[in-house]
Each structure stands twice: as structure tokens, then as C-alpha cells.
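Please have the view open as you read.

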Amino acid sequence: MRIIFYHPQENPAVWIDGLRRRLPGADIRPWREGDSLPADYAVVWHPPHGMLAGRSGLKGVFVLGAGVDALMDQVRLHPDMLPESVPLLRLEDAGMAQQMVEYTVAAVLRYYRRLDEYDRQQSLGEWQELALPARDTFVVGVAGAGVLGGKVAMAVRGLGFPVRCWSRRTKPIPGVAGFAGEASLGAFLSGVQVLVNLLPNTPQTAGFLNIALFARLNRGAYIINIARGAHLIERDLLDAMARGHIAAATLDVCRQEPLPRDHPFWSAPRITLTPHIAATTLPPLAMDSIADNIRRIEAGQTPLGRVDRPNGY
Ligand code: NAP
Ligand code: GLV
């Protein structure tokens, strides 16, 4: 079995050694420009066109993340990178759900307990108690009830907040109100105090966080975007915040990363930025998951995390 590996930033030796330990006997090599020798599997993050082009015999392309939007964008431009017959597989959880839970719980509690406002008071030397919102009105809406969104919804529910989820198809989650499809988007958004975005970035969801959507949330709502920068119309967020319709936002992702130095988000008083770290790929767990999936494919079983190409996620 021949496996090619490419990641633009990571040291390939770490991944290749780890995969060799998990798949004894496999011939695993870092892909380099000009390498067109045969391969059965590719393990990639932001692969160059030349790595995958024309490799119609691949039994699987493994993306080293949960989101496959960057590769899908490349494939829309260069369909020869991924013939329909080649399975595209993404990481399902692989340690990311726990990280997303931690990040979201921290951000929701920070807004509920008004800690960001106390930070500002401290900077002004003010000592002033702020009223707590009633817990049963502090409705948290999670857009995207998938592998990550489902776990996040359950964790926030565990803190006692009313939680609802929105997905394409109905997904029952204990204690969480479920909404599915475009027709139910208005009902999902109405009354939401904190909107957490965990949708995949697809042609259908790009620009999801826009001025019309903000207007359907409670006045003074909070936005937590931990999915992709392409979901947010950035000017709309600044406008909605200037009008007080959105009180504050926590953004782990931006349209351009790193965020340019002159971007207005840096100085917006109630925007909190983190550098796309809400849930990172954890190499040992990612390697376990990829090796397990390769064994499944070799044994003729269905692999986990296969991307539905027409849906784009
Ligand atoms: P997933 O399991 O594929 O879940 C996606 C969810 O979104 C599903 O519930 C799906 O509905 C729903 N959905 C998709 N298109 C929709 C639409 N048009 N309308 C309504 N709902 C729609 O994905 P995941 O593993 O949870 O990951 C979600 C995203 O998180 C990734 O795509 C990635 O962009 C982002 N992410 C960010 C970081 C970070 O560090 N910031 C880290 C990891 C992942 P169905 O259930 O009906 O299919
Ligand atoms: C990170 O953003 C991922 O999609 O895994």
C-alpha cells in the first residue's frame, strides 16, 4: 500500500513516522513537486494541484481537518484533482469536539456572566455590579448540528441554558430543540441570544451571518463564529454592532487569515479575536482515525467521514 503525504506547514517526518507505526508495511512518502509515482491513498492539507491531478486510481484522499471547503474550492476550479470515483474523507471529531465544547462554553459563560463588560470596567477603574440575564431567556442557538455542533449543543444544555440546533435534516439531540431546513430558519433564530456557528462552508452557507440574519436574533445578541470566515459578512457585523443589534462577537475565523493589521475588527471594542484555534488537528488522534479508515477500506468496509460531494461537506 502506497501513501503520499502533503502539508504546507507541518514536518512530514512526524506524520510519516506516526502513520508507519500504525500501518506496518505501508510505503509512505512525503509528496514532492514532480512526484507522479503510483499511490493508493493521499493524506493532505491544502495540496498543490500537481499532487492529486490525474490520480484517478486513489482509494481515498484524507483531509487533515474537519472542513473540506478549501479543497472543494480547488476542485471546483480543477476537477481533475478529484474524480468523482475517488472517496474524499475528512476528520470526524478526532479530538476536535472536546476543544469546540471548551471554546464555546468559555465564550457563552463569558457573555452570560458579563465578564467582557467587567474587563472594560476594570480598564476604566469602574466598580459596578451588572445584572445577570435570566438563564431561561439566554437562548443559545447552534447552527450546524453535526459531529461538532451536536456535542457543543449538549454541553451548553448541560449548563442549564435553553439550547436549539439548526441543520439540513432533523437531528434529535436530547434536551435540545431541533430545527431543520431553510423553512425553519426564522423560527430557529427568533429569540436566540447567542448564535454559535458550526456550519460547513459550502455555496449554500457562505454569507450565512449577514445583516438580515442578525435582525432576526434578539436585540443585543452575541455571535460566536467558530466555523469559517466566509460565513460572515464582516461589514454587516460592524453595522449591526454600531446599531446595538449585536452586542458582541467572538470570532475564531476570518475571511483573510491572518487578519490584516489594518482590519477594523482589531479595534472594535466588543469583538474578541482568536487565530483559528477553536479546535486544532491533534496529530496522534488524526493518525489513529486515518489509519483506522484505511484498514476499513482495505477490508471492504465503509469508511467514516466520507464527504458527500454534491453537498460539499
Ligand atoms: P458536520 O458533521 O458535517 O456537520 C455539519 C452540520 O451542518 C450538519 O448538521 C449539517 O446538516 C449542517 N448543514 C450543512 N449545510 C447546511 C445547510 N445548508 N443548512 C442547514 N444546515 C446545514 O461538520 P463538523 O465536523 O461538525 O464541522 C463543522 C465545521 O466546523 C467544519 O466544516 C469546519 O468548517 C469548522 N471547523 C472549524 C474549526 C476551527 O478551529 N475554527 C475546527 C474544526 C472545524 P445535516 O446534519 O442535516 O447534514
Ligand atoms: C479546521 O478549521 C478544520 O476544519 O479542521
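In this predicted model, a nitrogen atom of ligand 1 sits 3.0 Å from a polar backbone atom of isoleucine 226. That pair is a polar contact, meaning N or O atoms within 3.5 Å; within protein, one atom must be able to donate a hydrogen and the other to accept it, and residues adjacent in sequence count only if both atoms are side-chain atoms. The protein covers 93% of the 950 Å² of accessible area that ligand 1 has on its own, with areas taken from the Shrake-Rupley method and a 1.4 Å probe; for residues, only the protein chains shown count as cover.

The elements that give two or more residues to the shell around ligand 1 are helix H4 (96-112), helix H6 (147-158) and strand E7 (163-167). Helices (H or I, at least four residues) and strands (E, at least two) are DSSP runs, numbered from the N terminus. H6 contributes the most to this shell, with 3 residues. There are 29 residues around ligand 1, and Arg90, Val147, Arg169, Asp252 and Tyr313 come nearest; a residue is near if one of its heavy atoms lies within 4 Å. By class, the shell holds 16 nonpolar, 8 polar and 5 charged residues. Here Ala, Val, Leu, Ile, Met, Phe, Trp, Tyr, Cys and Pro count as nonpolar, Asp, Glu, Lys and Arg as charged, and the others, Gly among them, as polar.

| Residue and atom | Ligand atom | Distance |
|---|---|---|
| Valine 147, backbone N or O | ligand 1, oxygen | 2.9 Å |
| Alanine 279, polar backbone atom | ligand 1, oxygen | 3.0 Å |
| Glycine 67, backbone N or O | ligand 2, oxygen | 2.8 Å |
| Arginine 228, polar side-chain atom | ligand 2, oxygen | 2.8 Å |
| Histidine 276, side-chain N or O | ligand 2, oxygen | 2.7 Å |

For ligand 2, the protein covers 87% of the 190 Å² of accessible area that the ligand has on its own.

Now for the domains. An automatic or database assignment sets the bounds, giving domain 1 (2-93 + 281-298) and domain 2 (96-273). Their contact, defined by heavy atoms within 4.5 Å, takes 11 residues from domain 1 and 9 residues from domain 2. The C-alpha centres of the two domains lie 33 Å apart.

The size of an interface is often given as the accessible area lost when the parts come together. Between domain 1 and domain 2, about 840 Å² is buried, of which carbon and sulfur atoms give 50%; this is the area (1.4 Å probe) that the two parts lose on being put together, summed over both.

Two backbone details are worth a look. Alanine 94, in the loop between strand E5 (88-89) and H4, has a positive phi of about 45 degrees although it is not a glycine. A cis peptide bond joins glutamate 257 and proline 258, with omega about -5 degrees, and proline 258 is found in the loop between strand E11 (246-251) and strand E12 (271-273).

Residues are numbered from 1 along each chain as its sequence is written, while chains are lettered from A and ligands numbered from 1 in the order in which they are written. Local features need pLDDT of at least 70 and side-chain atom pairs count only at pLDDT 80 or more, while totals for chains, interfaces and linings use all residues; side-chain values use heavy atoms, with hydrogens and water left out.
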